Structures are given as structure tokens and as C-alpha cells.
Amino acid sequence: MRLLLVVALDGLTYASWLFLVSAGLTFTYGVLRVLNLAHGNLYALGAYLGATLVLRYAATGSVPALAYGLLFLAAVVIGLVFGPLIERGFLRRVYSRDEEVQLLLTFSISLILEDVVKLVWGVNPIFADMPYSYLGRVRLGGVNYAWYPFLLTAIALAIGVLLWLVVTRTRLGKVLASVITDREVSLTLGINVPRVYTWAFTAGAVLAALGGALTAPMFSLAPGVGAEVLVTSFAVIAIGGLGSIGGAALGALIVGLARSAAVYFFPELDLFAIYLIMALVLLFRPQGFFGEIEVRRI
Amino acid sequence: MLARARTAIYVALGALVLLVGVPLLVSGWIVFLLTVAGAKALAVLGVVLLLRGKLLTFGHALYYAVGAYAAGMAVKYLAVREALVLLTLSLLAGVAMSAFLGLLVARYRAVYFALLNLAFSMVLYGILLKFYSVTGGTDGLGIAEPTLAGVRLSGSLLRLAMYELTVVLTTLLVYFTYRFFASPTGYTLRAIRDNEVRVEYMGVSVWRAVYVSYVIAGGLAAVAGGLIALSVGHITPDLAFWSQSGEFVFVAVLGGTGSMLAPAVGSVLFEFVRNYAFELSPYTWQMTLGIVLLLIIFFLPGGVWSLTTLAWRRAGR
């Protein structure tokens, strides 16, 4: 019983983290129809910058509560710098080319950013656990669990609700829906489509960096983390359906719980439980749970 | 036109003789490098074949690893030592695996195709890593020196034999792929690139063309894996890792998809540049790759191979 609780808690934590990362990836894909293979590297950049800021800040010995704000700051800075840079500088030039060219382009950017991280932060692991340990621990049904994962879950929920509200309840949401449905018609309606693209990509970048920054206090950081994140969030959004925020939430929950169950019950399976689920889902529902079936044009 | 085709054949034969004679001219280390490049070119050839049908895979290292481990496990558990038998086993394992997974994968296109392949390759990576009692885990498997046509190989003789074997096999398989691409199924693949729905309307099975190409691509990568296993003498799960698949895609784009010879050119170029660039600056190696890839995407969409056609055209005038 206690074990089940731990599995559920771990699963929830993992799912929250997965949602934060994959929401950005799926949002970008939904609007731009480009799968950003550099997403994991934006995550790594956010995580490294967040960890550095927190470590510097902790060294000054000031009020620890402000460190959480620094994590958000790191995410926004990374997103605002790299989002427009990648979209305006590179992606914009290949929208008219084949889909595989766009994938290759983001792949090459991911290779470059991978080394940027190594050049700036070196290859030694970095660990900034202050925001994690500051919150302390809680006893829950006989289980001793840290508070920080709950904060992470709350933030993930908040972001999910915020995204949902923006998409369904605001003018911006309508503009997005219009751009997604038909780019040309949106242009004739007077919507500045290139700008929408830039902001949508930047929003995805901020979310990636935020996912990184918020998990920096939980795991130590080492090079290569970006690739791992990318591959996992791919699986999540493929299960949920590419382009669907709700799908990302469901996918994150499924993958999170499955992964944590695998860790406790079948430890030798944990690494590929995720991909097994993804392959199964895609077999029976190729477009994922909430994905739309694309109309094939002649 | 005919004269030009004849010149092309002479050039190709000359190149082949030169390739076979290379070990007489250069040091053993370069021979080894060329062996690796030649073997990997086969896996890249598979990626190029699929790219011609507009299918991008980020998991082709799956078949590369299947081929390598098929050979490696046959050496370890079945005590097979004959290189030709081992390579046949690699090929069979790769074809069997791609024939099975192809049933599932050939239904998908674009991002999903790339994704599913990636997922399967990561599943294999996980299996190779976790079942260390059989696969050796992260330590991998050491492979005892093979025999070729009954002759025991070791040291420089092994290096030389593997080089010649790689040259012969790669040439044969490149020719085979070239013929496949000129076959009706190959033409269907070209048509799929332009417009898949129209191909279906003509009553041609798109699925079949994609499936057959996928199986061939898998077989090519498996032979590459077998050759690498025998030449290097050691295999690790990293052979199945996504970055290996990424490397194949990179080399495919570097060489270009314009010709079946392009993967070999791209592959040799890549191995040499990697060796020197990696020694110069291990930290900016991937960045170099990324920048080169960006440059190719923007300024040389046909890859390095398109330079030769440019030169060819100029010479013809």
C-alpha cells in the first residue's frame, strides 16, 4: 500500500515534469507544424542557467524564497533570447521547403546548442538543490516525501490551465486557431502570421527552459540531458497526439505513472517502458489520443 | 551519351582498382579508417534510400546494432568464426528485424515515421543495456578474431582483409541499391516523393514500395553493423543510440541523396574530418557538425555530391 503511494507520488512528479517539457514541444508543433529537435537543448540551457543563478544567489545567503523567482527568470531569459533567434534567424527560411529539411535544420541547431552548454558550463555535473531542500519534507500516509515535487505539480497544473485559458478564452487563442487552420486566409484577415509564429516558437522555448529550470534543483545536471529530454517528450506528445495540449497532459500522466511503476516493479524495464507504450499507442491509434487525422491533399 | 556512360564505367573501374590497392599506399591506421567509413556508408545508403521516398528516420542505428550484435553473439555463443557466415547472419537478422518492424512502421510518414524508428531503436538500446548477462551491458562484447574463407586473421592481416572485404561488399551493395532504385519499385519510391496520393490513385501500392525499401535499408545497415563488429572487434549498446542514427542522417545529407555513390563519399569525408576535428577540439565537435549541416541546408541542398555533377556539367560543355 505504502509502495503504491510512493509509485503514485513519483509518477505524478515525473508526469508534471514531463508535461512542462512536452507542452512547449507540442504547442510549437501545433502552430508552426515543425517539430523542434532543439527543444531538449533549450531545456538544458534553462536548467543550467537556473542552477547557476540559484548557486550564485545561495552563496550570498539572502532570503531563500527569492530563489524560486530566479528559476522563472532563467527560463524567460533563455526563451526570449533563443526563441526569436532560432525562429527568425533560421526556421523562417525553410518553411517553404520539405518537412525533412525543417527537421534537419532543428537537428543541426540542437547539435550546436549541445556544445554551447559544454563550452559555457563545462562537463562536470552541476547541482543546485537549495530550492529543493529549503521546502523540507512531509509525512504522508506513512511516507516521507519532499515538498518540492508538489510545488512542481502545482506549477505544471497552473501552466496547463493558463495555456488552456489562452487557447480557448482569449482573442489570442482565436488568432492561433485561425493561423493553425489556414495560414493564407489568416494573412488576408490582417493577422501578422510571421509574428504569431515567432511568439508561438518563443512560448515553446520558454516552456522548455522552464521545465529545465524547475527540475534543476531535483537532479544534478550533466551534458547530454537535452537529448534524453527530447526523446522522452517526443514519446509523450506522440501518445497524446501531436499539437494537442490536453494530449500532452494525458501522455505525461500515462508515461509518468508507467515509468514510476516500472522503476519499482520491473526495474530492468524502466528505460524502455516509455517507448513500448508509445509504440503500442501509435499502433492502434496512429494519431495519438487527441491528435487530429490529417487530410491528405492531392 | 553512350560515350559518357562508357567513361563513367571506366572511371568507376579505375576507382575500384585504386580502392583495392589503397593499403599498399597508405598507413594501417588510414586503412582502418577507410574500412569504418566504407562499412558505415552502407547504413547511410539505407538512410538515403528512404530519404528518396521522403522518409526521414532517426532510428536507423537500430539495424546497425542488430547486425553488429547478430555477428557478435554468433561468435560468442555459437562459436562461429567465419566472417562470411557471420556477415550473412548479420544480413539475415537485419532483414528479419526490418521485415517485422516494417509491417508496423511502413504505415507512417513524416514525423511519425522518424519517431517510431527512434522509439524502436531506443527500445533496443535499453534491451542491450539491461540484459548484461547476455549482451555484456555497457561493457559490450569483445569479438574474437574471425577467419575469412578458413584463413585465421589477426593483426595487420585482419585489418587488410576487413578492408578488402568492406570494399567488395560495399561496391556490390551500392550497385544492388542502384539497380533497385532503377526498378519499378524504385520508380514508385521517386513518385511517392512527389505525391503519394496520386501514386495510390494510379493503382500502385505505396505501402509495398515503402515496405520493400524499408527492409532493404534495414538489411544494408545490418551488414554495416556486421562489418564494424568484425573490424573493430568490440561492440557496445551505443551502436543503437539515437546519436548514431543522427550521425547516419548527417552523413546522408552531407553526401547528398543525388547518387548511390554519395553516401560513400560523404562517409569517407565524415570519418576523416571527425578524426582530425575531434582531436583539435573535442568540445566543439558537435557544434562543427551542426554548423556544417546548416551551411549545407542553406547553400548546398544537394550535398557534397552535387559539386561533382556541377563539375561534370561544366566539363561536358
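Reader: Is the crossing of H10(A) and H5(B) left-handed or right-handed?

Author: This is a predicted model, in which local features need pLDDT of at least 70, side-chain atom pairs count only at pLDDT 80 or more, and totals for chains, interfaces and linings use all residues. Residues are numbered from 1 along each chain as its sequence is written, while chains are lettered from A and ligands numbered from 1 in the order in which they are written. A crossing is called left-handed if the near helix is turned anticlockwise from the far one by less than a right angle, and right-handed if clockwise. By that rule, the crossing of H10(A) and H5(B) is left-handed.

Reader: How many nonpolar residues does the contact of H10(A) with H5(B) have?

Author: Two residues are in contact if their C-beta atoms, placed from the backbone, lie within 7 Å, and by class Ala, Val, Leu, Ile, Met, Phe, Trp, Tyr, Cys and Pro count as nonpolar, Asp, Glu, Lys and Arg as charged, and the others, Gly among them, as polar. From H10(A), Val231(A), Phe234(A), Ala235(A) and Ala238(A) meet Leu115(B), Leu118(B), Ala119(B) and Met122(B) of H5(B). This contact has no polar and no charged residues, and its nonpolar residues number eight.

Reader: Which element gives the largest share of the side of chain A that touches chain B?

Author: Between the two chains, 35 residues of chain A are in contact with 38 residues of chain B. On the chain A side, the elements giving two or more residues are H4 (99-121), H10 and H12 (270-284). The largest share, 15 residues, comes from H4(A).

Reader: How many of the 21 residues of H5(B) are buried?

Author: The expected span of a helix is 1.5 Å times one less than its number of residues, and the end C-alpha atoms of H5(B) are 31 Å apart, which agrees with the 30 Å that its 21 residues should span. A residue is buried if 20 or more other C-beta atoms lie within 10 Å of its own, exposed if 12 or fewer, and partly exposed in between, with C-beta atoms placed from the backbone. H5(B) is largely enclosed by the rest of the structure, because the number of its 21 residues that are buried is 17.

Reader: How many polar residues are in the contact of H3(B) with H4(B)?

Author: The axes of H3 (residues 61-77) and H4 (residues 83-105) of chain B come within 8 Å and cross at roughly 135°, which makes H3(B) oblique to H4(B). H3(B) passes H4(B) in a right-handed crossing. The residues of this contact divide into eleven nonpolar, no charged and, for the polar class, four.

Reader: Where is the place of Lys54(B)?

Author: Lys54(B) also has a positive phi, near 70°, in a residue other than glycine. With 19 other C-beta atoms within 10 Å, Lys54(B) is partly exposed. Its place is in the loop between H2 (28-52) and H3 of chain B.

Reader: How many nonpolar residues does the contact of H2(A) with H3(A) have?

Author: H2 (residues 39-60) and H3 (residues 66-89) of chain A pack at an angle of about 140°, with their axes 8 Å apart, and are therefore oblique to each other. H2(A) passes H3(A) in a right-handed crossing. Among the residues making the contact are Leu42(A) and Tyr57(A) of H2(A), with Leu70(A) and Phe82(A) of H3(A). The contact has two polar and no charged residues, and its nonpolar residues number 16.

Methods: Helix = DSSP H or I, 4+ residues; strand = E, 2+ residues; numbered from the N terminus. Axes fitted to C-alpha atoms, helices over the stretch in contact; angles between N-to-C directions. Parallel < 35°, antiparallel > 145°, perpendicular 65-115°, else oblique.
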